[in-house]
Amino acid sequence: MPVPWFLLSLALGRSPMVLPLERLVGPQDATHCSPGLSCQLWDNDILCLPGDIVPALGPVLVPTHLQTELVLRCGQETDCDLCVRVAVHLAVHGHWEEPEDEKKFGGAADPGLETPRNASLQAQVVLSFQAYPTARCVLLEVQVPAALVQFGQSVGSVVYDCFEAALGSEVQIWSYTQPRYEKKLNLTQQLPDCRGLEVRNSIRSCWALPWLNVSADGDNARLVLNVSEEQHFSLFLYWKQVQGPPKPWWQKNLTGPQIITLNHTDLVPCLCIQVWPLEPDSFRTNICPFREDPRAHRNLWRAARLRLLTLQSWRLEALCPLPAEAALCWQAPGGEPCQPLVPPLSWENITVNKVLEFPLLEGHPNLCVQVNSWEKLQLQECLWADSLGPLNDDVLLLETRGPQDNRSLCALEPSGCTSLPSRTSTMAARLGEYLLQDLQSGQCLQLWNDDLGAIWACPMDKYTHKRWALVWLACLLFAAALSLFLLLRKDHEKAAARSRATLLLYSADDSSFERLVGALASALCQLPLRVAVDLWSRRELSAQGPVAWFHSQRRQTLQEGGMVVLLFSPGAVALCSEWLQDGVSAPGAHGPHDAFRASLSCVLPDFLQGRASGRYVAACFDRLLRPDAVPALFRTVPVFSLPSQLPDFLGALQRPSAPRPGRLRERAEQVSRALQPALESYFHPPGTPGPGRWVAPGTGDET
């Protein structure tokens, strides 16, 4: 169904609202002024050096107002250029200082000193003109007779003819005096193009302007260029930016009448069209017809993405500028709405494609970013979930600090923030004493801190277990009986496969690869697999050390009949090669939490002594590493390339009798969909155009 902007046909030809323009003959600049004033234009342009403001020692002339008028400067009847006429209105500011002897003795001053009060005033007025790519400054000398000098009153104006400018350009004009007594006057004006001027027969660049209409083509937009078959012109589509040059989309040189269809999914508010005849010095006309289209705004938000750069920095990526604000929120497990942390934090205005920061001390998987526009939620993403794992069953404590070291604490719950301690019947209130003890003993993670307060994340799982101990005991008895009955009917191997342990080892090449590994681990957790990875165990890794942590995880995984996955990358291959040559890796080659380096000391004996089969598998990512690049020693176990070999990879991680083939393919598709955003982010970082994301419509030769 057509949308409102389709009802508007934008014709780049004669407009019903035209401006009749005065014609000036000859190329010379000129100046004239109000009756009673005398003025003169310096012969040459001057340097645009306004200087600093200086105090006036008496009455002075200063510019008070700028006015512009468009005129035509013509060498011939049909060969004119657009010109900007500028009028500067002047006034007398300041007053004469009383002589010192008159102030002291109250008598009349020396008559010889009264002469300047009756003298005329002179001023040098500068006009500065800028219209990309040109800039000019001219100097006007103005003299006001003594009879017109009245303090604080306007004395008239001086007019300059004229500054030449391009059609459709933006001009900026400043005015000040030399020396400068006050702030510069400033005027910015957008000049009209051939559509708004009755000048198509006078300005040569407007003669062959194509005629363009925008109309509906079902759900899509149709550009109709109605020109003669011999007319050659260029069509350029781009995304207009608030600052800096536009982002080009595509450009084509075309001939004759054309109909070009734009897919409705490609329409965004800043998509603009520029068209011009392929002739010397031809005028280029720009229109942005989708600026107010609601569907274009929806497309823009659908394509917008939030990207985490570091622990504290992130970026909103979008094609067009967006009026938006962002805040942190807390997402509790269970599907409850994400609760904005405002206060103590605040909504922050954001700029598209600019690095932004939140004052966080630590990341947390339950922390999410909300982006609002016009008081409507547009985006919400838990940016730290990929690297820190799934949502935790933690409770958030908000600390408020007042004067004289007064402090109060409340626990964030779906119903609001519950003060601690409290006698209400909520879960946090009943566990308030234990939460305060955990906070004092350092078991809570501080996420944010400043002079006004702090935010803490405290674990809740142990208290939940205590509260439901009796209920769980009864449930366990019933479950034990039920499990015994089920075990008699179902294959033991199938039941065991549903919760098979998996230890994921990798080399921390860089932060982008770590995010990719986190996305893989999170996707595997959605399957009946229990995944252990050092990304989610940094506290234990720091406390135990990488070697002890890996030995305990490997022993537990293998004792439970689990599988160890060696995820190879270029860094992992280099590290293994170095280890196999020297027997030890260079210290500091990898980060302090790199479990892969620590694991080589006990992984290699399993492979050298033939104990790896059935306990280890190897994997690598498509386009990052070929399977035959994995060291030969580790190719004695299956090596899978992801995501192209996901079904075989998932089959190797589970018991042979666990899933049916159809079910295994469904799980592989589920993991592939979860991996796709992380793979796209890794292989196509910001600033690199992704293939197929924006497809140029129509056909023709690219220019």
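Mentor: Two strands pair if DSSP finds at least two bridges between them. The model is predicted: local features need pLDDT of at least 70 and side-chain atom pairs pLDDT 80 or more, while totals for chains, interfaces and linings use all residues. Residues are numbered from 1 along each chain as its sequence is written, and side-chain values use heavy atoms, without hydrogens and water.

Trainee: In what order do the five strands of the open sheet stand?
Mentor: Strands (E, at least two residues) and helices (H or I, at least four) are DSSP runs numbered from the N terminus. Strand E6 (residues 121-131) and strand E9 (residues 170-177) are antiparallel and joined by six bridges, with valine 126 opposite tyrosine 176 of E9. Strands E3 (38-41) and E10 (185-190) each have a single partner strand, so one side of each lacks a neighbour in the sheet. With antiparallel pairing, the order is E3-E7-E6-E9-E10.

Trainee: In which sense do E34 and E35 pair?
Mentor: On the E33 side, strand E33 (residues 563-567) is joined to E34 by four bridges, and leucine 567 is opposite alanine 619. On the E35 side, alanine 618 has valine 639 as its bridge partner. E34 and E35 also share four bridges, and the sense is parallel.

Trainee: How many residues of E34 are buried?
Mentor: Buried means under 20% relative accessible area, exposed over 50%, and partly exposed in between (1.4 Å probe, protein chains only). In a regular strand the side chains alternate between the two faces of the sheet. In E34, Tyr616, Ala618 and Cys620 are buried on one side and Val617, Ala619 and Phe621 on the other. The count of buried residues is six of six.

Trainee: Which residue has a ring with the charged end of arginine 623 over it?
Mentor: A charge sits over a ring if NZ of Lys or CZ of Arg is within 6 Å of the ring centre and within 35 degrees of the ring normal. The charged end of arginine 623 is 4.3 Å from the centre of the ring in question, that of phenylalanine 683.

Trainee: Which class of aromatic pair do phenylalanine 607 and phenylalanine 634 form?
Mentor: Rings of Phe, Tyr and Trp (its six-membered ring) pair with centres within 6.5 Å; planes under 30 degrees apart are stacked, over 60 edge-to-face, the rest tilted. Phenylalanine 607 is in helix H13 (residues 595-608) and phenylalanine 634 in the loop between strands E34 (616-621) and E35 (639-642), so the pair ties together parts 27 residues apart in sequence. Phenylalanine 607 is buried at 6% relative accessibility, and phenylalanine 634 at 1%. Their centres are 4.9 Å apart and their planes at 65 degrees, which makes the pair edge-to-face.

Trainee: How far apart in sequence are the parts that the pair of cysteine 83 and cysteine 162 ties together?
Mentor: A disulfide is a pair of cysteine sulfur atoms within 2.5 Å, and here the distance is 1.9 Å. Both cysteine 83 and cysteine 162 are buried, and 95 degrees about the S-S bond makes their link right-handed. Cysteine 83 lies in strand E5 (residues 79-93) and cysteine 162 in strand E8 (residues 154-164), so the separation in sequence is 79 residues.

Trainee: How many disulfides does a search of the whole structure find?
Mentor: Among them, cysteine 74 is joined to cysteine 80, S to S 2.0 Å. Another links cysteine 272 and cysteine 288, right-handed with 100 degrees about the S-S bond. The search of the whole structure gives a total of nine.
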